[in-house]
Structure formats: C-alpha cells, structure tokens
Amino acid sequence: MAKRQSKRLGKQTLKMQNPPAILSHASVVGTKEAQGPLKDWFDVTLSDDMCGKSTFEQAENEILLTATRMAVKRAGLQQEDVHFFLAGDLLNQIVSASFAARELTMPFFGLYGACSTMCESLSLGSILIDGGFADTVLCASCSHFATAERQYRNPLELGSQRPPAAQWTVTGAGSTLLGAEGKGPFVEMVTVGKVNDWGISDANNMGAAMAPAAVDTLFTHFEDTGRRPEDYDLIATGDLGAIGSEILREMMDQHGIDMGPNYTDCGLEIFDREAQDVHAGGSGCGCVASVLNSYLLKRLEQGDFERILVCATGALHSPTTSLQGETIPGIAHAVSIVRERGN
C-alpha cells in the first residue's frame, strides 16, 4: 500500500496540494458602510438597511442571498452547479444562513464560528475541494447591526449608551465561490485555530476577548510554515478593532514577532472611526466577509498584492452566558491566499 502523503504543516496548518481557485466573489453592505473609506470597493451598497422587508432578520437574510447569487452568476454557473454551500451568521440557530440555504437549494453545511465564520467556511471549502470531494463550494457569511444589537445587547429603541471599547456590527455579507480549476487567486494554506479564553467577560470589549486567539493562530501559522509577517504583502485580522489590534501587536512583540506595516484589521478599514462614531471600529460576521470579498480580493486580483493572510476572529459567547458571568472564549482561523499558484 502506498504511503499516504500528509498535507499537514506543523501543528495546525494545512497546505493545499491542489490549491482551490477563487472563481468569483461578491459583497453587499449597508448604508453606514457605504459611507466609509471602502465605499467604492463594494459590489452592492444598500439605500435601505431594511431591504424592503418587514424585519431586520429578513433583511439580513436578503443581503446574504444577494451576495451568494451574485457570486454564482459571476462565475457563469447555475445554483445546481454548486456542490456545497458553507455559511453561517451571528443569529441564534444561524437562521440567516439556514434560510438562505432554503432558497438556494444547495447541499448545505451550516457553520458557527461567530465573526470567524468567513474564514472557517473558506478553510473547510478548500479542504473539500483539495480532497476531491467537490468541484465547487460556495462560502459565505453575514451580519446586520440591528439584529446583532437586539440579540446580544439591547433593543435599538432603548437608546443605550455604548462604551468606548464597543464596536459597530457591520451590516454586510460576503460570498466566495471556490473551484477545483480556475485562473485564481488561490487558497494555498489554512491554519485552523484553537479556542482561547483569557478571562475577558465584558461583552462590550470584543477586541480584547478575541485578540489572544488571533495571536495564537498567527504565531502557530508562522511557526508551522517558517514564514514571517514580511512574507505577506498584507495580513488582515477579522474584526479586532482599535483595542484588539493594539493588543495583538503587543502580544506578538512578546513572541518576538514584529507585525510591521503590512498588518491591518478589517474592523479598522471599513469605517472612519472618528467621522462615523463607531468607537473601537467594526465587527460582526459581515465585517471580514465584506472586506475580504471586495477590497482585499480585488486588490489581489489587480496585482497590488501577491500573497495575503486573512485571520478572521470570533467571540464564542451568547447573551445567556454573558448574563451568567461567563468569560468569553475566542477563536481565529487564518487563510493564506495567493494571486498565482507557486507564489
């Protein structure tokens, strides 16, 4: 019997033997996001965050459907050509993704990694394709400011004051269609994160809660691959915001790794913190999903970058556990994407 060739590098990193191609991608954002620094990069910007629906939950479902259908259409495919749909969101029982799957009628894996879900779906989708189990996988995630506020904090009508550490949940969705063949960009590696909990219990300080998980995943990625931050044209975390990204830099320095000028955070890129009053920055599943599937991938495709590392972060808590005084575990998954195979 021939010896099985391992695709593992080190502890947690998987190297794709046949890197999946990104066939297409799409992004949809809300009205506030459409006023931010990345406004010209998004595919669809809403004029009405309700999307003409009667509830915010229905609106969130609609923006996810818009992003997924756009990605499939851009690839010149039909819904029935997609072998698997991998998606998730922040709502209880991931209803935005599940209800979208009801409309799309694709074989569906529902995922929950909180705000790390976009990179979780890309990781699993890449594994499915590289393993020969699929030729096409649609990966997606979304969030909506109003649905997240109602579920995790307070009804908007209450008008509660937000503390300085709070972040603004992005109203947005992003979708990536992966294929076994294509001109790229390509997913070359994924580093699967571990759950980290450093004792943060403040549900309004997501950046501090998630930063240790991002540090653990990034440090492991560099250790597994032998790479350094300077080997990437850009490293983007998911939504640590101003507080979390500063903690990450400090903690990586303690590990002897200088993140340098090529590091950024999607929660810092999507909003103008001063002009838009978002306090510590953006957050939510739709944050990294919309920024990756617009600004980051478009710049990669036009040659501004050759290799990027996206590390999406998630806070694995619930309103119930927060009220019970539980601390907030964090998770982070990293995906390395290259413009051309062999880069």
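Q: What makes β3 mostly covered?
A: Eight of the nine residues of β3 are buried, where buried means under 20% relative accessible area, exposed over 50% and partly exposed in between, with a 1.4 Å probe and protein chains only. The model is predicted, so local features need pLDDT of at least 70 and side-chain atom pairs pLDDT 80 or more, while totals for chains, interfaces and linings use all residues. Residues are numbered from 1 along each chain as its sequence is written, and side-chain values use heavy atoms, without hydrogens and water.

Q: How do you know that β3 pairs with β9?
A: Two strands pair if DSSP finds at least two bridges between them. Eight bridges join β3 to β9 (residues 172–179), and the two run antiparallel. S27 stands opposite G174 in β9. With β4 there are two bridges, and β3 and β4 run parallel; V29 has T45 as its bridge partner in β4. Strands here are DSSP runs of E with at least two residues, helices runs of H or I with at least four, both numbered from the N terminus.

Q: Why is the pair of W41 and Y295 called edge-to-face?
A: Rings of Phe, Tyr and Trp (its six-membered ring) pair if their centres lie within 6.5 Å; planes under 30 degrees apart count as stacked, over 60 as edge-to-face and the rest as tilted. The centres of W41 and Y295 are 5.2 Å apart and the planes stand at 85°, so the pair is edge-to-face. W41 lies in the loop between β3 and β4 and Y295 in helix α9, so the pair ties together parts 254 residues apart in sequence.

Q: What makes the lining of the largest cavity nonpolar, polar or charged?
A: Ala, Val, Leu, Ile, Met, Phe, Trp, Tyr, Cys and Pro count as nonpolar, Asp, Glu, Lys and Arg as charged, and the others, Gly among them, as polar. The lining divides into 12 nonpolar, six polar and four charged residues.
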